[in-house]
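Here are my notes on the model, point by point. Please read them with the structure open.

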Amino acid sequence: MAEAHAAVAFQFTVTNEGIDFDINHEALKAVFESGRRSWVKRFRRFQNGMVNTTYPASPASWLAVLTAVTALTLARVDPSMGMIEKLKNNFLPVEYLGATPAIYLSTAIYATLLWLVIIFSVRFILKRLLSYKGFMYEGRGKVSLKTKIWTVLLRCFATRKPRLFGYQNALPNLPLPPLKDTMRRYLLSVRGFLNDEEFERMELLVKDFEVGLGPRLQRYLRLKWWWSTNYVSDWWEEYVYLRGRAPIMVNSNYYGMDAIAMAPTFMQAARAANQTTGLLTFRREIERETLKPLIIQGMIPLCSYQYERLFNTTRIPGLETDKVVHLKDSKHVAVMSRGRFYKVVFQVNGKMLNPAELQKQYQLIIDDPVGPMDGEEHLAALTAGDRIPWALARQRFFMRGVNKVSLKAIETAAFMVVLDDEVQDYDTKPSPAQDEWNQNRKLDQFSHSLLAGTGHNRWFDKCFNLVIFKNGRLGVNAEHSIADAPVMAHLFEYAFGEDLSLGYTDEGACKGTVGATYASPTRLKWELSEELTSVIETSLDTAKKIADDLDFHLLVHNHFGKGKMKKCKVSPDGFIQMGMQLAYYRDAGKFNLTYEASMTRFFREGRTETVRPCTISSCDFVKSMEDASATKEERLAKFHKAVDAHVNGYRDAMCGKGIDRHLFCLYVVSKYLNEDSPFLQKVLSEPWRLSTSQTPHQQMNNLDLAKHPELISAGGGFGPVAKDGYGVSYIVAGENVIFYHVSSSRSSPNTDAWRFSKHIEQANIDILALFN
């Protein structure tokens, strides 16, 4: 009972002389401070809500309108054209209030209504301005008069510095394309790789859909578009991510990695502490909404809604569908180290632990000599295996006792920190004895470890795992349903900048001193029965098969980069995509459906859309490159035509004129209506044997990468979408290097990640040669 007595603010005992109170002033102070912090947070949320609700106006503007209306009324000038008098006579009890209070109250009501009308009018104008996408289709230096006028107006109506979520109510809704336009664009997108017979069959399917079921599905989808904020995003999250019953390891989660050309410290605990501090600083800026929203060209805001769930979020397994659970706050991180689990509290009495104090906490975990209990080492494999066994195990074994308490500590944590006992590295200046294969295989192992690990040393359900390797290298494994890669990249770009800003001592430790003595990390305990252990081992077998089948190669393409591409006066993304089309044809001997992710964050709650780089023009270009009789001029002309077609397709996708999200939503409607569509079934069953995505290079200005190229991140990647295909993520890292993260399945006899990487490298060199 000693712990219980120490936990209360005051105690009392009954004696012959009366009741004797023993008040613990320190405890009462702690209670008061806790309550104060809680109310401060509530007020801040309320304040942010008011600012966001009234953007682009401000709550202070209400006082200005009220003052102006009241001044005019007192000067016997009626700015309301009789409305103030009508409000007073028809809606206010003048006989109870009196004439003077009634006139002031009616003036305040009118001023408030006028203020709201002004707000919604300005917001409507701003939303209409942000709906304009003509600037996207204009080349550099070719700005039309319409775009110039639009630019001036947009700057007039969006001059205030917004908070993170300030623009949300002013962002336009994602447009719903006309059915005929989507059908036309779809046929164009497949014509390049279908033969005449296949294309004729597809044309018949399209025509039957256009005159049959299609218009009916479109009407239902238009109703959803009218009713919802974004007609795609909720269904995309539910059906593409949360309803999948296959393992999310490799199949859904993605990874990001450290800057490979530098290592600020080799102390694992120190790197973990600085990174944790940087991440929590980013979280605080999200909570306070002081983080600047991303704005393109200094004018056009991107949707910020994905930032809401970056922290304190976990994916919970279910029998039919998973769910995402997000908490408003969390004061601890969960830590995994050598098969053991811990809870580290980073906020005590409202004060954040500094990096030195966090380093001490992490070092205690690393130095803990007690190994994992029986079955604990492989526990995280539950999150790596099939979803249904994990959901059943969670319901049966984790709903009571110590298992419930420990699982709750993980699921309610801000994020997961993995203190990995592996060493991952890359030699920027290898010795002459090292050949290219062995040098690059270090990066391959680095990538493989971040994406799959051992199958049991990542908690794949958590919003993200901060993985710190034994030698201080780091990366992240992120759950995809919560946020897309560009948002996670923004988070870690910020944290990396904070890491370098905080700095390290000459010995590699965190700067600062350890202040008050805090409680040591809490070791999480488990009750692991034989039956539960059997489920864990089954999940581990599934995870190991996936991890062992994953073939990975990280290509460091340093022959040239964005600088040479810009001198060729072509889009770097178009150049890279045409290089991959040529590489795939040389690798597979045929063309195939290709996926490239683009963002739709110009629109409210926008996430991604598909660009289809395999076009009629790209196929013509590739054929010319393989045709020995084609001249350099012919190849170059077809290359420019292919790049132009790709860039237009990318612009269409970003501007809400994509193909695949529209078709996906039509398919979902058909399933709700229990209607079968041969066309939609055919489209949705087509495999993406080449799935690609570009990681944004630099979204903030906190690092000067021109002066310090060693700070450039190598980006990140994902697993192959099709078993007989490739997954390729690339990042144009500065002027002279491109990183390609290439994944495939070892079990497929038709794919090889290393071989495809070599085809990419050679294809880029061959394309550049056209300009020489």
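1. First, a cut-off. Buried means under 20% relative accessible area, exposed means over 50%, and partly exposed lies in between. Leucine 113 has 40% relative accessibility, so it counts as partly exposed. Leucine 113 sits in helix H6.

2. This is a predicted model. The protein chain has a mean pLDDT of 89, with 90% of its residues at 70 or more. Residues 1–12 have pLDDT below 50, and this stretch has 18 contacts in the model beyond near neighbours in sequence. Where pLDDT is low, the predicted coordinates should not be read in detail.

3. Which residues form the nonpolar patch on the surface? They are Leu97, Leu105, Ile109, Leu113, Leu116 and Phe120, and together they have about 470 Å² of accessible area. Helix H6 (residues 99–131) gives the most to this patch, with 5 residues. An α-helix has 3.6 residues a turn, so residues three or four places apart point the same way.

4. Helix H8 (residues 179–191) has 13 residues. From first C-alpha to last it reaches 19 Å, close to the 18 Å expected at 1.5 Å a residue. Buried residues in H8 include Leu179, Met183, Tyr186, Leu187 and Val190. Thr182, Arg185 and Ser189 are buried too. What do the buried residues of H8 pack against? Their partners are helices H9 (196–211), H10 (213–227), H22 (632–654), H23 (660–672) and H24 (678–684).

5. Isoleucine 260 lies in the loop between strand E3 (254–257) and helix H12 (268–288). Is isoleucine 260 buried or exposed? It counts as buried, because its relative accessibility is 5%. The C-alpha atoms of isoleucine 260 and isoleucine 712 are separated by 7.8 Å, although the two residues are 452 residues apart along the chain.

Conventions
Residues are numbered from 1 along each chain as its sequence is written. This is a predicted model: local features need pLDDT of at least 70, side-chain atom pairs count only at pLDDT 80 or more; totals for chains, interfaces and linings use all residues. Side-chain values use heavy atoms; hydrogens and water are left out. pLDDT is the predictor's confidence in each residue, from 0 to 100. Contact means heavy atoms within 4.5 Å. Patches are made of residues with over 30% relative accessible area and no salt bridge: like charges are joined within 9 Å, nonpolar side chains (Val, Leu, Ile, Met, Phe, Trp, Tyr) within 5 Å. Accessible areas come from the Shrake-Rupley method with a 1.4 Å probe; for residues, only the protein chains shown count as cover. A salt bridge is a side-chain nitrogen of Lys or Arg within 4 Å of a carboxyl oxygen of Asp or Glu. Helices (H or I, at least four residues) and strands (E, at least two) are DSSP runs, numbered from the N terminus. Buried means under 20% relative accessible area, exposed over 50%, partly exposed in between (1.4 Å probe, protein chains only). The expected span of a helix is 1.5 Å times one less than its number of residues.
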